[in-house]
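Thanks for asking me to take a look at this one.

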Amino acid sequence: MRYHTRECVEENLAEMLELWNSAWPAGATMLGLGFGFALVLLIASEKLKVWVDPKVEQVHGALPNLDCGTCGFAGCGQYAKAVLKNPELIGKCAPGGPETSQKIAGILSLQVSDSGAVQKPIVHCHAHTADKTYYAKYQGIQTCIAANALANVQACAFGCVSFGDCIRACKFGALSIVDGLATVDYDKCTGCTACSKACPRNLIEMVPFRYENMMTVACSSKETGKSTRSMCKVGCIGCGLCVKQTEQFTVEDNLARLDYEKYEATEQTETAMNKCPTKVIIYRGKTKNPQDKPGG
Amino acid sequence: MRIDTKGRFSFPGGTHPPEKKDLTREMEIQRGPAVTEVAVMLCQHIGAVCQPLVRKSEAVQAGQKIGDCDAFVSAPVHSPITGKVIEVALRSHAVLGRSLAIVVEAFPYSPTKWPSFKLKDDFDENNYSAGKICEAVRQAGIVGMGGAGFPTRVKIEPNPRLPKEILIINGCECEPYITCDYRIMLEWTDKIIAGIRLARRASGCSRVFIAIEDNKPEAIEVMNAALKTCADGEDIKVVPVRTKYPQGGERQLIKAILKKDVPTGGIPPMIGVVVLNVATVAAITEAVISDLPLAHRVVTVTGEAIARPGNYHVPIGMSVEDLIEFCGGVAKKSAKVIMGGPMMGIAVADLKTPITKTTNAITVLTKEQIGRAKFARRQTPCIRCGRCLGVCPENLNPTKIAHAVKNNLLDVAESYYISACMECGCCSYVCPANIELTGYIKTGKIFLARQKKKIPV
């Protein structure tokens, strides 16, 4: 057997040696290159080092990470950097609300003054399909902004046209059309203001929610009482009965408005609500039954 | 000599929708019904809204000015009937939704008077100075009666920065169904010729063209015959243009006759051209010679669902409902009432909407026609056939703009010149995928306006 002969082993050894002799310079070159590049990278990482503020990471962690863009920056990461540079931006995170502001202020070792209540949207219309008057059937493009461009898509030129532009704008699924009226689910709402920008009739207003439920005059009709009555069963007719009860209400352009900044849940507001002839003063908020008293 | 009525001039693009003018083209202009109540809109034109000059329960004369404004681009409004002002209140407006109107109720004993007018044989426009003509046009509240409603005084008044050379009288009436301008050309020919001479004198234009589509050979012949008899008829030329929609568009007409382009976003005076509608020109004659304000106009009431279609001379401010009632009411099969024609008109939701200075027709369509219309059919994805590009008279790319608007890319829509669209509806008409292109472009324009206005949050 050729295998077991001495010559054969020697021959194999010689072959291996030859292989080694021709291969080692290549290996050495590769190793040398590796060390060389590692050295370059080491020097570069030391020389071109970018110092990252650990606070950015902390602030980013404190943010809700929804990337909704309400603050005016491309996302939570961008906002975190901006807030560190300019602490005046602290209150901009609407979904996070005052809690997040407090946390960020803590990281920056700042004191924030009470930034007030959370801003949440209120739809200023209370007309469901049965309450509205229609002249004709709209068959055009099914968006609010297209429907609003055509005159008299419904009798009331101020009320909800219910084609759902606000629903498409909401990233959190907090809005829905309930029987011809845009309705906010306050459990899901983060207060990002997207819906109030989307509504072509400017029905949705951001309101500081200082109570679980806020009282509101849910109407936007600036027409005279007579024509509002003829078009809508639940519109504000501007009678001024609520103004007689408390100065928190004002009537301008045939439309009563509650001053949300001044709003206090008192006996008088309760009486005003009960006396309203068209029952357009209602509670809007987290409590499931909107007619319930506000909880704190 | 046979007059050549073949239209040789036209513009690139455009469509040929069914004309449907046979319903009313042989109907003479008749007086409309005696009205008991009119609602005169305070905003019937482009520009500043008028302020009411009368108060509630005040008596007004027929032809009395009841609303005016100091702004340069505006036109006063007049009461067409003698009566009492009931209220100054919001009324449905075809474009603006609800707008302020002066509601006048006729006195029960005074019959509705129609303005009588007869052109004198010794009429000479040189008896009137340019300033006097402009002032009379302004006081009569004349606006472009073809549809846009731009105050005519602003158009014809000499402007040292934009000198005018060419006057084009627009008698195209390219929109299907409508025949009011055609009847005016046939029946009020002398009034139009006089008006042209007055407008020419006021604006200082040297050349005048009367553009008429070649589907109205009678009108072309009548106009030519009238020009032969008048003194300086040679300077005024009747130009037959090819029958095509939207040939009556201002920019398309200038392109067809003069082979010139009005700059995008610009107005015809920038290239020295004034375009006036034939109805406007007739109104100028009435205003200058007999001080008659623009309080009546000719409206074509037409469509398959109308019992008695026709061309009616009606007071401005009467409601669509009254006029349709006078024409035999709407049939049961009727489905859609349009102010204007089917291509550019606006669907009227509230039949109480009053007629304005710019309403040239009331078209009532039947259910079958609406069923055949685009929006009732299923919209399918764009197949990139490019037909809308071929028909667009403004050389735009409607499908790109519409898709940009659909996907909320307004900057892309703007880069494709969304604002240059005049909403003629050709692209929606030819789209084989039933896409409401014009609707999306209109929506995009509103989106842009909202974005620029900076809506308060």
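Predicted model: local features only at pLDDT ≥ 70, side-chain atom pairs only at ≥ 80, totals over all residues.

1. Let's start with the acidic surface. Glu37(B), Glu105(B), Asp322(B) and Glu325(B) come together on the surface as a patch of negative charge. One of these residues, Asp322(B), sits in helix α8, which covers residues 320-326 of chain B. Asp322(B) has a relative accessible area of 34% and is partly exposed, because that class lies between the cut-offs of 20% and 50%.

2. Is Asp68(B) buried or exposed? With a relative accessibility of 15%, Asp68(B) is classed as buried, because the cut-off for that class is under 20%. You will find Asp68(B) in strand β5, residues 65-68 of chain B. The side chain of Asp68(B) makes a polar contact of 2.7 Å with the side chain of Arg138(B).

3. Do check the backbone at Pro246(B). The peptide bond that runs from Tyr245(B) to Pro246(B) is cis, and its omega is near -5 degrees. Pro246(B) belongs to the loop that links β11 (236-241) with α6 (250-258) in chain B.

4. Next, have a look at Lys20(B). Although Lys20(B) is not a glycine, its phi is positive, at about 60 degrees. Lys20(B) is placed in the segment that comes before β1 (29-31) of chain B. Its relative accessibility is 34%, and Lys20(B) therefore counts as partly exposed.

5. My next stop is helix α11(B). Which residues are buried in α11(B)? They are Pro398(B), Thr399(B), Ile401(B), Ala402(B), Ala404(B) and Val405(B).

6. After α11(B) comes Asn408(B), with a positive phi near 65 degrees. Asn408(B) is a residue other than glycine, and its place is the loop between α11 (398-406) and α12 (410-415) of chain B. Why does Asn408(B) count as exposed? Its relative accessibility is 53%, and the exposed class is for values over 50%. So Asn408(B) is exposed, whereas Ala404(B) and Val405(B), among others in α11(B), are buried.

Key:
Residues numbered from 1 in each chain as written. Chains lettered and ligands numbered in written order. Heavy atoms only, no water. Patch = residues over 30% accessible without salt bridge, like charges linked within 9 Å, V, L, I, M, F, W, Y side chains within 5 Å. Areas by Shrake-Rupley, 256 points an atom, 1.4 Å probe, with all protein chains shown as cover. Salt bridge = Lys/Arg side-chain N within 4 Å of Asp/Glu carboxyl O. Lys, Arg positive; Asp, Glu negative; His and termini not counted. Charge placed at Lys NZ, Arg CZ, Asp CG, Glu CD. Helix = DSSP H or I, 4+ residues; strand = E, 2+ residues; numbered from the N terminus. Buried < 20%, exposed > 50% of the residue type's maximum accessible area, 1.4 Å probe, protein only. Polar contact = N/O pair within 3.5 Å; in protein donor to acceptor, adjacent residues only side chain to side chain.
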